[in-house]
Every structure is written in structure tokens, then in C-alpha cells.
Amino acid sequence: MQSHATRVVVLGMGGTIAGRSASAHDNVGYVAGVAPIEELVATAEHDGASVEAESVAQIDSKDLGWDELRRLIARVAHHAARVDVQGLVVTHGTDTLEETAYALHRTLGFEKPVVITGAMRPASSLQADGPQNLRDALTVARDAAARGVLVCMAGRVHAGDAVRKVHPYRLDAFSSGDAGATALVEEGVVRWLREPRVDADPVRLAAFDAPWPWIEIVTSAAGAEARTVDALLAAGVQGLVVAATGNGTLHRALEAALERAAGAGVPVLRATRCRDGRIIDVRGEPARIPSAGALTPVQARIELALRRLAARA
Ligand code: SIN
């Protein structure tokens, strides 16, 4: 049976894509999250698409909190359930886009595409990349092969659970690490490099109104000290991610403190602080602190928070 869903809903979260500066030459001294989502959609006009815009937040994504994330998850789920909606696009600040992409990937678990995009230059810039990124994201959301959570930036499409921001200024600021890009968008055409994925075992957020658990990231580095972990434990931290060296190794001072934390019932995950790659477990030697595999430290932090919320349900 042919689907009659042709509409794309664009949800605005703010960010540089909606940012403005006083001068078209100023690409760093701007205010993020100013331009309304309707204006962004108009500048990225997409031939033949039926597009609906809704503002969820108008923030600089460095200030992203659980309230905004929870609202976004709820609005995405609401629109995705509509029979007339083919897919969704989310415009978002690039600074915490990695966290939002991972949170959506882990909580939605449905087939309809949710394509997140943003910009590295404000809407007022001579070099504004937002209109093309949004246009490309709309193209991906309308593509018959698109599914799950995807991120579309600078003509490349990344999987929601693989994407990471790797540059603070370059227009092509995102990578999928070892996984490689999922697709390319070239002149309005999507060229798929691999099949997009949907999380087969998403976290069910029944305890949706519960407060966001307090999870912190500590870094294993030269001179790392146990007292960082001890202070967090004493203050009531509910979960810890350690950004570990190389293949998940830990400074001995930190390792002992983290084992104490785990022993006290605080979940701890070990993520590599290397930009790419994943932790490869030592064969036949069960890790005392579980590895987060290919997750980046900020993704691992979302993972622990979601697990805690799900456990409360
Ligand atoms: C933000 O993350 O909201 C500001 C920076 C950006 O979007 O590139």
C-alpha cells in the first residue's frame, strides 16, 4: 500500500543556525537561537515539500538541559505518530547536538526519519551554511530509504549514535568516527553508503517526569586524583563516566576511587577519551568497571542517565 504521508515537521531548538551577529563578517561574536524557526524554513525552501514548523526551544545548545531534551523527545514522538507525517527535521545548536542525537536514537526506536541539522555560521553571516544544511536535511527526511535518527551537516549524513563534533569552527565539523558517514547529499540527491539503523532495544522512558539524574564525567589524566571522585560521591552523584586514556585504561588513583564508587552502588562507565575508535576489552578478563564500547564520554553520560530513568519506571 502506498503511503500518503508527505509532510515534514521541522522542530526548532535554536543554535547558530538561528543565530545573528551585528556584522555579516562576524562568525564568532553572535547570539545563538534568535531567528524564528518559520524564518529558517522559508530560507531553505524545499521544492514540493509540505513543511510545518514548530519551535520547541530557542537556546544556545551549551545551555541544553533535561527539560528541553524531554520536551523535544515528546514533540518528536507526537509528530511521528501522525499518519500524514513522513519524517521530521530538528534544527539544533551544534555544541551539544551529539548528546541530543544519541538521546533521540536511544529513546525513539521508530522507523520514521528524524534528521538533526544545524550550522557553524550564524544566519546573518556571509557564509551562512544553515539554509543548505536545512535543505539537505529536508531532502534526507523525504527520502524513501531514510529511517531512524540521522544528523545532516555539510553534505554528510551521520548515524545518531555515531556522530561527534570534531571541530569548533570548520563548516564540516562532524564525524562518525570509525563508522564512517551513512550517506552523502549531493545536489539534492541522497547517496546512501550504508543502511540507516534504528535502535532495536530503545530505552522506554516511562518515568518521563522524573528529575534528570546527576551523572558526572571525570577524566583520567596525568596527575588524576581520587579526591575528585570522593568529593562527587560525598555530594551524592548518581552515576559516573570516566573519560579513560587510550583503550580504556585508568590512572591507578582514579581506578581505586571508581571501584569504591561502583562498590557503593553508583554506576560507572568507562569511555575512551580518544576521538575515534572504541574500547576493546581484554579477552578473558572481565572489566571491573564496564566499558562504554564505542560511546564518547558525553554519549555515555546520556546512556547512564537514560538507564537510571528507565530503572525508575
Ligand atoms: C549552539 O550550540 O547553540 C551554538 C553553537 C552552534 O550551534 O554551532
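## Exercises on a predicted model

A backbone N or O atom of Ala119 lies 3.3 Å from an oxygen atom of the ligand. This is a predicted model, where local features need pLDDT of at least 70, side-chain atom pairs count only at pLDDT 80 or more, and totals for chains, interfaces and linings use all residues. Residues are numbered from 1 along each chain as its sequence is written, and side-chain values use heavy atoms, without hydrogens and water.

**Exercise 1.** Find which residues surround the ligand.

*Solution.*
- Step 1: list the shell, taking a residue as near if one of its heavy atoms lies within 4 Å. Gly15, Thr16, Tyr30, Asp60, Ser61, Gly93, Thr94, Asp95 and Ala119 surround the ligand.
- Step 2: sort them. Two are nonpolar, five polar and two charged. Here Ala, Val, Leu, Ile, Met, Phe, Trp, Tyr, Cys and Pro count as nonpolar, Asp, Glu, Lys and Arg as charged, and the others, Gly among them, as polar.
- Step 3: check distances to ligand oxygen atoms. A polar side-chain atom of Thr16 lies 2.8 Å from one. For an N or O atom in the side chain of Asp60, the distance is 3.3 Å.

**Exercise 2.** Describe how α5 and α6 pack.

*Solution.*
- Step 1: locate the helices, which are DSSP runs (H or I, at least four residues) numbered from the N terminus. Helix α5 spans residues 226-234 and helix α6 residues 252-263.
- Step 2: read the geometry. The angle is about 20°, and the axes are 7 Å apart. Axes are lines fitted to C-alpha atoms over the stretch in contact, and angles run from 0 to 180 degrees between N-to-C directions.
- Step 3: classify. The helices are therefore roughly parallel, a label for angles under 35 degrees.
- Step 4: name the contact residues (heavy atoms within 4.5 Å). From α5 they include Val229 and Leu233; from α6, Leu254 and Leu258 are among them.

Methods: Helices (H or I, at least four residues) and strands (E, at least two) are DSSP runs, numbered from the N terminus. Angles under 35 degrees count as roughly parallel, over 145 as roughly antiparallel, 65 to 115 as roughly perpendicular and the rest as oblique. A polar contact is a pair of N or O atoms within 3.5 Å; within protein, one must be able to donate a hydrogen and the other to accept it, and residues adjacent in sequence count only if both atoms are side-chain atoms.
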